Amino acid sequence: MLAPLMLGLALAVRMSSPGPILFRQWRVGRDGHSFQILNFRSMRMDDSPADDRQESNVVRLPTDIAPGGVEGADRRTRIGTFMRRTSLDELPQLINVLRGDMSLVGPRPERPEFVDLFGSRLDRYDDRHRVKSGVTGWAQVSGLRGNTSMRDRVEWDNHYIENWSLSLDFKILLLTVGALFTGSRDA
(Lines give C-alpha, C1' and ligand atoms only; values in the text may rest on other atoms or scores of the structure.)
Protein backbone atom coordinates (compact mmCIF):
# COMPACT_ATOMS: atom_id res chain seq x y z
CA MET A 1 0.00 0.00 0.00
CA LEU A 2 2.88 2.38 0.78
CA ALA A 3 5.00 1.24 -2.19
CA PRO A 4 3.87 4.04 -4.59
CA LEU A 5 4.55 6.71 -1.94
CA MET A 6 7.95 5.23 -1.10
CA LEU A 7 8.85 4.98 -4.79
CA GLY A 8 7.85 8.63 -5.34
CA LEU A 9 9.92 9.75 -2.35
CA ALA A 10 12.90 7.68 -3.52
CA LEU A 11 12.74 9.36 -6.93
CA ALA A 12 12.45 12.80 -5.31
CA VAL A 13 15.52 12.11 -3.16
CA ARG A 14 17.47 10.87 -6.19
CA MET A 15 16.58 14.01 -8.18
CA SER A 16 17.21 16.43 -5.27
CA SER A 17 20.97 15.85 -4.99
CA PRO A 18 23.63 13.26 -5.80
CA GLY A 19 24.12 10.42 -3.37
CA PRO A 20 22.35 7.37 -2.05
CA ILE A 21 18.59 7.33 -1.58
CA LEU A 22 18.75 5.78 1.87
CA PHE A 23 20.64 7.09 4.85
CA ARG A 24 21.92 4.43 7.24
CA GLN A 25 23.02 5.10 10.79
CA TRP A 26 23.97 2.77 13.64
CA ARG A 27 21.48 2.72 16.50
CA VAL A 28 21.12 0.73 19.71
CA GLY A 29 17.94 -1.23 20.37
CA ARG A 30 16.69 -3.99 22.64
CA ASP A 31 19.28 -5.48 24.99
CA GLY A 32 21.99 -3.22 23.51
CA HIS A 33 21.70 -4.81 20.04
CA SER A 34 23.19 -2.49 17.38
CA PHE A 35 21.54 -2.20 13.98
CA GLN A 36 21.50 0.16 11.02
CA ILE A 37 18.38 2.29 10.97
CA LEU A 38 17.11 3.32 7.54
CA ASN A 39 15.79 6.73 6.53
CA PHE A 40 15.33 8.48 3.23
CA ARG A 41 18.33 10.78 2.83
CA SER A 42 17.19 14.34 3.55
CA MET A 43 20.52 16.18 3.21
CA ARG A 44 23.11 16.86 0.59
CA MET A 45 26.20 14.72 0.99
CA ASP A 46 28.87 16.19 3.28
CA ASP A 47 31.90 17.03 1.15
CA SER A 48 34.06 18.35 4.01
CA PRO A 49 37.34 16.53 4.66
CA ALA A 50 37.15 13.42 6.87
CA ASP A 51 39.15 15.17 9.63
CA ASP A 52 36.53 17.95 9.83
CA ARG A 53 33.70 15.40 9.99
CA GLN A 54 35.41 13.50 12.80
CA GLU A 55 35.79 16.71 14.82
CA SER A 56 32.14 17.67 14.29
CA ASN A 57 30.98 14.23 15.45
CA VAL A 58 32.40 14.67 18.96
CA VAL A 59 29.58 14.46 21.49
CA ARG A 60 29.09 17.90 23.07
CA LEU A 61 25.62 17.84 24.56
CA PRO A 62 24.39 19.09 27.91
CA THR A 63 23.45 16.27 30.26
CA ASP A 64 19.73 16.43 29.63
CA ILE A 65 19.24 17.50 26.01
CA ALA A 66 18.74 14.93 23.29
CA PRO A 67 20.29 15.28 19.86
CA GLY A 68 17.87 15.95 17.06
CA GLY A 69 17.03 18.19 14.20
CA VAL A 70 20.00 19.43 12.21
CA GLU A 71 23.42 19.17 13.80
CA GLY A 72 26.17 21.23 12.19
CA ALA A 73 25.70 22.96 8.85
CA ASP A 74 22.17 22.81 7.46
CA ARG A 75 22.49 20.67 4.32
CA ARG A 76 18.80 19.74 4.02
CA THR A 77 17.39 19.58 0.52
CA ARG A 78 13.96 21.02 -0.22
CA ILE A 79 12.39 17.56 -0.37
CA GLY A 80 14.39 16.62 2.73
CA THR A 81 12.91 19.51 4.70
CA PHE A 82 9.41 18.42 3.67
CA MET A 83 10.07 14.76 4.47
CA ARG A 84 11.48 15.58 7.91
CA ARG A 85 8.60 17.92 8.76
CA THR A 86 6.08 15.20 7.87
CA SER A 87 8.21 12.26 9.13
CA LEU A 88 8.08 10.65 5.68
CA ASP A 89 11.87 10.27 5.81
CA GLU A 90 11.27 7.55 8.41
CA LEU A 91 9.15 5.28 6.17
CA PRO A 92 12.15 3.02 5.36
CA GLN A 93 12.19 2.09 9.05
CA LEU A 94 9.33 -0.25 8.16
CA ILE A 95 12.09 -2.38 6.63
CA ASN A 96 13.79 -2.36 10.05
CA VAL A 97 10.48 -3.59 11.51
CA LEU A 98 10.27 -6.41 8.94
CA ARG A 99 13.89 -7.37 9.69
CA GLY A 100 13.04 -7.63 13.40
CA ASP A 101 15.32 -4.80 14.52
CA MET A 102 12.42 -2.56 15.52
CA SER A 103 8.72 -2.66 16.25
CA LEU A 104 6.09 -0.12 15.22
CA VAL A 105 5.78 1.28 18.76
CA GLY A 106 8.48 1.58 21.41
CA PRO A 107 11.24 3.89 22.64
CA ARG A 108 13.14 5.52 19.77
CA PRO A 109 16.61 4.04 19.25
CA GLU A 110 19.63 6.24 19.80
CA ARG A 111 23.15 6.41 18.38
CA PRO A 112 25.74 4.35 20.31
CA GLU A 113 27.75 7.36 21.47
CA PHE A 114 24.64 8.91 23.00
CA VAL A 115 23.56 5.61 24.59
CA ASP A 116 26.90 5.53 26.43
CA LEU A 117 26.63 9.20 27.42
CA PHE A 118 23.01 9.11 28.59
CA GLY A 119 23.39 5.68 30.19
CA SER A 120 26.08 7.05 32.49
CA ARG A 121 24.23 10.31 33.28
CA LEU A 122 20.51 9.54 33.43
CA ASP A 123 18.74 7.26 35.90
CA ARG A 124 16.80 4.43 34.25
CA TYR A 125 18.02 5.34 30.75
CA ASP A 126 19.19 1.78 30.10
CA ASP A 127 15.76 0.44 31.15
CA ARG A 128 14.49 1.66 27.77
CA HIS A 129 16.46 -1.16 26.13
CA ARG A 130 14.35 -3.95 27.65
CA VAL A 131 11.94 -3.77 24.69
CA LYS A 132 12.41 -3.33 20.95
CA SER A 133 12.87 0.21 19.69
CA GLY A 134 9.94 1.67 17.83
CA VAL A 135 9.29 3.71 14.72
CA THR A 136 7.07 5.83 16.97
CA GLY A 137 6.61 6.00 20.72
CA TRP A 138 4.77 7.49 23.66
CA ALA A 139 7.44 10.15 24.20
CA GLN A 140 7.34 11.22 20.53
CA VAL A 141 3.56 11.61 20.33
CA SER A 142 3.73 13.53 23.61
CA GLY A 143 5.92 16.22 22.03
CA LEU A 144 9.35 14.95 23.08
CA ARG A 145 11.14 15.05 19.72
CA GLY A 146 14.26 16.81 18.55
CA ASN A 147 16.22 18.82 21.11
CA THR A 148 14.08 18.04 24.14
CA SER A 149 14.73 16.73 27.63
CA MET A 150 16.15 13.21 27.72
CA ARG A 151 15.08 12.90 31.36
CA ASP A 152 11.48 13.43 30.26
CA ARG A 153 11.85 11.01 27.35
CA VAL A 154 13.25 8.34 29.67
CA GLU A 155 10.28 8.76 32.02
CA TRP A 156 7.72 8.63 29.19
CA ASP A 157 9.44 5.63 27.58
CA ASN A 158 9.60 3.71 30.86
CA HIS A 159 5.98 4.63 31.63
CA TYR A 160 5.04 3.13 28.24
CA ILE A 161 6.99 -0.07 28.94
CA GLU A 162 5.57 -0.49 32.45
CA ASN A 163 1.98 0.19 31.30
CA TRP A 164 2.08 -1.50 27.92
CA SER A 165 -1.20 -2.61 26.41
CA LEU A 166 -2.46 -3.23 22.92
CA SER A 167 -4.87 -0.31 23.33
CA LEU A 168 -1.95 2.00 24.26
CA ASP A 169 -0.12 0.90 21.10
CA PHE A 170 -3.22 1.66 19.00
CA LYS A 171 -3.56 5.05 20.67
CA ILE A 172 0.09 5.89 19.90
CA LEU A 173 -0.31 4.76 16.28
CA LEU A 174 -3.44 6.92 15.87
CA LEU A 175 -1.69 9.93 17.41
CA THR A 176 1.26 9.31 15.07
CA VAL A 177 -1.00 9.29 12.00
CA GLY A 178 -2.60 12.51 13.22
CA ALA A 179 0.82 14.12 13.63
CA LEU A 180 1.75 13.08 10.07
CA PHE A 181 -1.21 14.98 8.66
CA THR A 182 -0.56 18.10 10.71
CA GLY A 183 3.20 18.02 10.03
CA SER A 184 3.91 18.60 13.72
CA ARG A 185 7.53 17.51 13.83
CA ASP A 186 10.73 19.36 14.57
CA ALA A 187 12.84 19.41 11.42
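Colleague: On a 1 Å grid over the protein atoms alone, a cavity is a set of points where a 1.4 Å probe fits but cannot get out, and lining residues have an atom within 4 Å of a point. Which residues line the largest cavity here?

Modeller: The lining is Gly-29, Arg-30, Pro-107, Arg-108, Pro-109, Arg-128, His-129, Val-131 and Ser-133. Bear in mind that this is a predicted model: local features need pLDDT of at least 70, side-chain atom pairs count only at pLDDT 80 or more, and totals for chains, interfaces and linings use all residues. Residues are numbered from 1 along each chain as its sequence is written, and side-chain values use heavy atoms, leaving out hydrogens and water.

Colleague: How does its lining divide by residue type?

Modeller: Evenly named, there are 3 nonpolar, 3 polar and 3 charged residues. Pro and Val count as nonpolar, Arg as charged, and Gly as polar.

Colleague: Let's zoom out. What pattern does the chain follow?

Modeller: Along the sequence the order is α-β-β-α-α-α-β-α-β-α-α-α, from 8 helices and 4 strands. These are DSSP runs numbered from the N terminus: helices are H or I with at least four residues, strands E with at least two.

Colleague: And what share of the chain counts as buried?

Modeller: 40% of its 187 residues. Buried is under 20% relative accessible area, exposed over 50%, and partly exposed in between, with a 1.4 Å probe and protein chains only.

Colleague: Where is Asp-101, and is it buried or exposed?

Modeller: Asp-101 sits in the loop between α4 (93-99) and β3 (102-105). Its relative accessible area is 16%, so Asp-101 is buried. Gly-29 is one of the cavity-lining residues.

Colleague: Nice link. What about Gly-32, where is that one?

Modeller: Gly-32 is in the loop between β1 (22-28) and β2 (34-40). Its relative accessible area is 44%, so Gly-32 counts as partly exposed. Gly-32 and Arg-128 are 96 residues apart in sequence, while their C-alpha atoms are 9.9 Å apart in space. Arg-128 also belongs to the cavity lining.

Colleague: Last one, the start of the chain. Why does Leu-2 count as partly exposed?

Modeller: Because its relative accessibility is 33%. Leu-2 lies in the segment before α1 (3-16).

Key
On a 1 Å grid over the protein atoms alone, a cavity is a set of points where a 1.4 Å probe fits but cannot get out, and a pocket is an open set with protein on both sides within 12 Å along at least five of seven lines; lining residues have an atom within 4 Å of a point.
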